[in-house]
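Look at the sequence and the fold first, then read on.

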Amino acid sequence: MATKNLSEYDLTTVPSAASMKFGIVVAEWNYEITGALAQGAADTLKRHGAKDENIIIKHVPGTFELTLGAQYLAEYAGVDAIIVLGCVIQGETRHFDFICQGVTQGITSLNMKYNKPFIFGVLTTDNQQQALDRAGGKLGNKGDEAAVTAIKMLALRNDLK
Ligand code: DLZ
């Protein structure tokens, strides 16, 4: 296979999601934030061609539960990729560290276990304003970015398989 010149790679075009099936797992904690992330993710998937019936959205109580929720979707919902959306806001205790560490390791393991994309859309912020800024505020919507990441990873798999 001929190697392309690096300047020839198109990194801006998002592939079509028309034939892809997605799961989105949303944490109920900080729902003002996570609901906005979910809306952004679903809208972006649809904007790139995903069909309504191929976007399955499920809720779990908190970010810590995202890992198992994502595994349930992988096992039982026949989806190609799963996006997990949560928001952990730093408090006075070390809960923040344990939840962030747990979900990060959990989602990383799922990627390897299932050989499919599990996309990490968890905001880990110092305060609520930082989270709002990233959930449709002045810094965009990380749910949109998670959706594009899911599409790109599936396109990569389809390209190589
Ligand atoms: C307990 C807890 C706390 C203190 N903070 C958050 C948070 O900021 N964001 C979040 O998504 N979840 C939080 N949780 C709940 C945990 O994720 C989890 O639901 C519980 O520890 C039960 O396993």
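Which residue in β4 is the bridge partner of Ile-82? The partner is Phe-118.

## About the model

This is a predicted model, in which local features need pLDDT of at least 70 and side-chain atom pairs count only at pLDDT 80 or more, while totals for chains, interfaces and linings use all residues. Residues are numbered from 1 along each chain as its sequence is written.

Helices (H or I, at least four residues) and strands (E, at least two) are DSSP runs, numbered from the N terminus.

## The sheet

Four strands form an open sheet. Their order is β2-β1-β3-β4, and the pairing is parallel. Two strands pair if DSSP finds at least two bridges between them. Strands of a sheet pair through backbone hydrogen bonds, either parallel or antiparallel. The edges belong to β2 (55–60) and β4 (118–125). Each has a single partner strand, so one side of each is left without a neighbour in the sheet. On average, neighbouring strands are turned by 15° against each other, direction ignored.

Strand β3 (residues 81–89) pairs with strand β1 (residues 22–27) in the parallel sense over five bridges. In that pairing, Gly-23 stands opposite Ile-82 of β3. Eight bridges join β3 to β4, and these two also run parallel. Strand β4 is mostly covered: six of its eight residues are buried. A residue is buried if 20 or more other C-beta atoms lie within 10 Å of its own, exposed if 12 or fewer, and partly exposed in between, with C-beta atoms placed from the backbone.

## Helices on the sheet

Which strands does α3 touch as it packs on the sheet? Helix α3 touches β3 and β4. Its direction makes about 170° with that of β4. Helix α5 (residues 142–160) also packs on the sheet, touching β1, β3 and β4. The direction of α5 makes about 155° with that of β3.

Contact here means that the C-beta atoms of two residues, placed from the backbone, lie within 7 Å. Axes are lines fitted to C-alpha atoms, for helices over the stretch in contact, and angles run from 0 to 180 degrees between N-to-C directions.

## Around the ligand

The shell around the ligand holds 15 residues. Trp-29, Gly-62, Thr-63, Phe-64 and His-95 come nearest. The largest share, four residues, comes from β3.

The shell divides into eight nonpolar, six polar and one charged. Ala, Val, Leu, Ile, Met, Phe, Trp, Tyr, Cys and Pro count as nonpolar, Asp, Glu, Lys and Arg as charged, and the others, Gly among them, as polar.

## Annotated positions

UniProt (unreviewed entry) annotates His-95 as "active site". Its positions are given in the numbering used here, feature names are shortened, and annotations may be inferred rather than shown by experiment. His-95 lies in helix α3 (residues 95–114). Is His-95 buried or exposed? His-95 is exposed, because 12 other C-beta atoms lie within 10 Å.

Under "binding site", the unreviewed UniProt entry lists Glu-92, Thr-93 and Arg-134. They spread over 43 residues of sequence, and over up to 23.4 Å between C-alpha atoms in space. Thr-93 sits in the loop between β3 and α3. With 8 C-beta neighbours inside 10 Å, Thr-93 counts as exposed. Arg-134 lies in the loop between α4 and β5 (135–137). Arg-134 has 21 C-beta neighbours inside 10 Å, so Arg-134 counts as buried. Leaving aside neighbours within four places in sequence, Arg-134 is in contact with Leu-123, Leu-139, Gly-140 and Lys-142.

## Two more residues

His-48 is in the loop between α1 (31–47) and β2. His-48 is partly exposed, with 17 other C-beta atoms within 10 Å. Not counting residues up to four places away in sequence, His-48 touches Val-14, Ser-16, Ala-17 and Ile-151. His-48 and Ala-18 are 30 residues apart in sequence and 7.3 Å apart in space, C-alpha to C-alpha.

Leu-132 belongs to helix α4 (residues 128–133). Leu-132 counts as partly exposed, with 19 C-beta neighbours inside 10 Å. Leu-132 touches Ile-33 and Gly-137, not counting residues up to four places away in sequence.

Note on methods:
Near = placed C-beta within 6 Å.
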